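Please have the sequence and the structure open.

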Amino acid sequence: MSAGRTFEGAGCITWWGFSPARDLLSTGPVRQEGGVNVLLVGSGDLRHILKTIASLRDTDSLHIWVIENSMEVVARQLLLLYLALTPQESVGLHEKTEVFLEVFGNSEIRSQTEETLRRAASQLSLSVTDTLETATHSCLDTTQLKYKERDELARIFKLWIQPPSSSSSSAPVSISKIWDGRVRQHLGTRYDSRKGCFDWDLSMKLHQKGCGVINKQQYVRWRERGVAFEMREGSYQITNSTLLSARVFSHRGDKVAARGYWGDIVSSPYLSFGIETDDKSLLQTQNGQHIKTAQDISFANVQALFQSLSCRRSSSTPPQSDRETTDAEEPTSQPEGYRESVSINDLMHLNGISVTFLPLDSLSKVPEKQKYSQFFNTIYCSASSVHQLGPALRQIAAPKAVLIVELAKYLLDLTREQEAGFAQKVVNVAGEAGFEPRHEAKSDDDVHATFTLQEE
């Protein structure tokens, strides 16, 4: 692989994480309880938010603060939160899970899902433009963003509501052609033998790293088309606008923005929800082959996380049915898609849970603000954001704070030497900020590095 393509597979924007969901409050030496402030830096999706909420006790309260690297990622997180918080009166649990995974991991979606996406974007746009000082919903708090960032969010939502046409015709932008262009660029001369390349990455990399549940047929389909989740018979042919973003290139001395798909095309969205599960029956094998796939596990995990959200539902929102509908009891005539447009205020409100989005440049600014002095009990940083960490991190970390850093295990284009070098860099950066490694032997050690703040 040429040096120029070494990192091309991971992309330059993080639409999903490169590690499984974690309960961030149980990662330190002792489980954090009571009122906890958690800072997420570049996490890219909701996996840690949902997993951490699901593991809370009734008496716990949690405020999650989110810093991302682009407003497109913020917009997508708001959309996925909207879908996750939609009450069951408006959509059944089974359909809600399907729609969430489609939007989360598919380059192309069904027409019913696109309609849901447009309705959600309309509600989010209203919320962002109307909200100034007080958040409409505690889990969709954008009041800390700069005015220009809120304007950017409104612009992105508008693109989702009415996607632009391609310049050559009145037809919408084709993400399938864009995806194929990325694959061609990444593989170069190996493009004609791409099926063999896909199989190698799966069997010799992902499976060797413990991801045996990722099914070959599903993985190859995703590598070819960008469609990770096909959970029912239907036509997955409409561009998922939430996965399109702008990337700036230099052309003849000028900077030119190109709109396209600039995310991961190698590791897969199965990593977030589909390679681990508390239900060990989903990991059973027969004749050396996994019975269930990463798609099956993703569905089961997300559905369980959504059920946990319902259990935290505040009494200030209209009550759900006293009896949850199980998979087996879902009516066969259940309508496709969401039955109606749900306003932000009609989403489920969760007891003791807040999610606040901070400006993109916040990590360098929050140490200067007294409000955030010794404030965060847990700080999570993705592999793509490690370069933002510095000594000032100590100023915003609460006593005995836990720092969790995603490692490069699932960045498949890296060599073992590069992986090890990255892990050492993380240790050095954390040490400069006053954090020391936890040395307890854990199976997670090669996925996340965990540190605790040294006492002065």
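Q: Does Lys400 count as buried or exposed?
A: This is a predicted model, in which local features need pLDDT of at least 70, side-chain atom pairs count only at pLDDT 80 or more, and totals for chains, interfaces and linings use all residues. Residues are numbered from 1 along each chain as its sequence is written, and side-chain values use heavy atoms, with hydrogens and water left out. Buried means under 20% relative accessible area, exposed over 50%, partly exposed in between (1.4 Å probe, protein chains only). Lys400 has 64% relative accessibility, so Lys400 counts as exposed.

Q: What is the phi of Lys400?
A: Most residues other than glycine have a negative phi. Lys400 sits in strand E11 (residues 397-406); strands (E, at least two residues) and helices (H or I, at least four) are DSSP runs, numbered from the N terminus. Lys400 is not a glycine, yet its phi is positive, near 60 degrees.

Q: Which loop holds Asn287, a residue with positive phi?
A: Asn287 is not a glycine, and its phi is about 55 degrees. Its relative accessibility is 78%, so Asn287 counts as exposed. Its loop is the one between strand E7 (285-286) and strand E8 (289-290).

Q: Which residues does Ala258 touch beyond four places in sequence?
A: Ala258 lies in strand E6 (residues 254-260). At 26% relative accessibility, Ala258 counts as partly exposed. Its C-alpha atom is 8.2 Å from that of Ser245, 13 residues apart along the chain. With contact meaning heavy atoms within 4.5 Å, Ala258 touches Ser245, Ala246, Arg247 and Phe249.

Q: How are H2 and H5 oriented to each other?
A: The axes of H2 (residues 71-85) and H5 (residues 147-161) come within 9 Å and cross at roughly 65 degrees. Axes are lines fitted to C-alpha atoms, for helices over the stretch in contact, and angles run from 0 to 180 degrees between N-to-C directions. Angles under 35 degrees count as roughly parallel, over 145 as roughly antiparallel, 65 to 115 as roughly perpendicular and the rest as oblique. H2 is therefore, relative to H5, roughly perpendicular.

Q: How many nonpolar, polar and charged residues make the contact of H2 with H5?
A: H2 contributes Met71, Glu72, Val74, Ala75, Arg76, Leu78 and Leu79, and H5 contributes Glu149, Glu152, Leu153, Ile156, Phe157 and Trp160. Ala, Val, Leu, Ile, Met, Phe, Trp, Tyr, Cys and Pro count as nonpolar, Asp, Glu, Lys and Arg as charged, and the others, Gly among them, as polar. The count is 9 nonpolar, no polar and 4 charged.

Q: Is the crossing of H7 and H8 left-handed or right-handed?
A: The axes of H7 (residues 194-206) and H8 (residues 216-225) come within 10 Å and cross at roughly 125 degrees, so the two helices are oblique to each other. A crossing is left-handed if the near helix is turned anticlockwise from the far one by less than a right angle, and right-handed if clockwise. For H7 and H8 the crossing is right-handed.

Q: Which residues of H10 make the contact with H1?
A: H1 (residues 47-54) and H10 (residues 294-311) pack at about 55 degrees, with axes 9 Å apart. H1 passes H10 in a left-handed crossing. H1 brings Leu50, Lys51, Ile53 and Ala54, and H10 brings Leu305, Phe306, Ser308 and Leu309.
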